[in-house]
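Hello,

Here is the structure for you to look over. My notes follow below it.

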Amino acid sequence: MKVAIGSDHAGYKIKDDIKEVMDELNIQYEDVGCNCEDSVDYPDYAVPVAEKVAKGEVDRGILICGTGIGMSITANKVDGVRCALVHDLFSAKVTRLHNDSNVLAMGERIIGPGLAKEIAKVWLETGFEGGRHERRINKMMEVETKA
């Protein structure tokens with residue numbers, strides 16, 4: 001598995017914690033930035049991550065900003081992306097099992113590094129259940145082609 005990871009200034013500290021988790025799991029990753037506390041615009045990092053996922057350059061993406069909201073909304077504007085905003089372990093697992101989310105968004109101002117690492121680990125290690133969920137995912141993705 002290969003993952004693209006990005007953050008804005010409000011999420012870069014937890015981004016480094018998530019990279020440690022991926023190192024422990026032997027998951028390749030590409031960090032698209034940012035790496036500072038200077039104010040930046042979250043779409044500048046959400047879009048490259050989402051596009052890499054949509055183009056198949058990476059298998060999944062992880063985005064972190066202050067709340068995760070701006071990142072998730074932006075990522076979901078890219079065709080082919082199913083970004084889930086997650087701040088608990090149950091949602092991290094179910095969004096993979098049932099929704100086959102391919103991008104994870106989290107908020108550094110909402111959760112701390114310990115929980116963020118646990119969420120990322122669960123999300124990265126959980127597969128898609130398929131079955132009845134496949135039909136629902138297909139219907140969801142059809143919305144993009146009708147727009």
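**What was found**

Lys-52 counts as buried, because its relative accessibility is 16% (buried means under 20% relative accessible area, exposed over 50%, partly exposed in between, with a 1.4 Å probe and protein chains only). This is a predicted model: local features need pLDDT of at least 70, side-chain atom pairs count only at pLDDT 80 or more, and totals for chains, interfaces and linings use all residues. Residues are numbered from 1 along each chain as its sequence is written, and side-chain values use heavy atoms, with hydrogens and water left out.

Lys-52 sits in helix H2 (residues 43-54). Helices (H or I, at least four residues) and strands (E, at least two) are DSSP runs, numbered from the N terminus. Not counting residues up to four places away in sequence, Lys-52 touches Ala-4, Glu-30, Val-32, Glu-57 and Val-58 (contact: heavy atoms within 4.5 Å).

Now the sheet. Five strands form an open sheet in the order E2-E1-E3-E5-E4, with parallel pairing (two strands pair if DSSP finds at least two bridges between them). Strand E2 (28-31) and strand E4 (83-85) are the edges, each pairing on one side only. Strands E3 (residues 60-65) and E5 (residues 103-107) pair in the parallel sense over five bridges. Gly-61 has Val-103 of E5 as its bridge partner.

Last, a helix pair. The axes of H4 (residues 89-97) and H5 (residues 113-125) come within 8 Å and cross at roughly 20° (axes are lines fitted to C-alpha atoms, for helices over the stretch in contact; angles run from 0 to 180 degrees between N-to-C directions).

Best wishes
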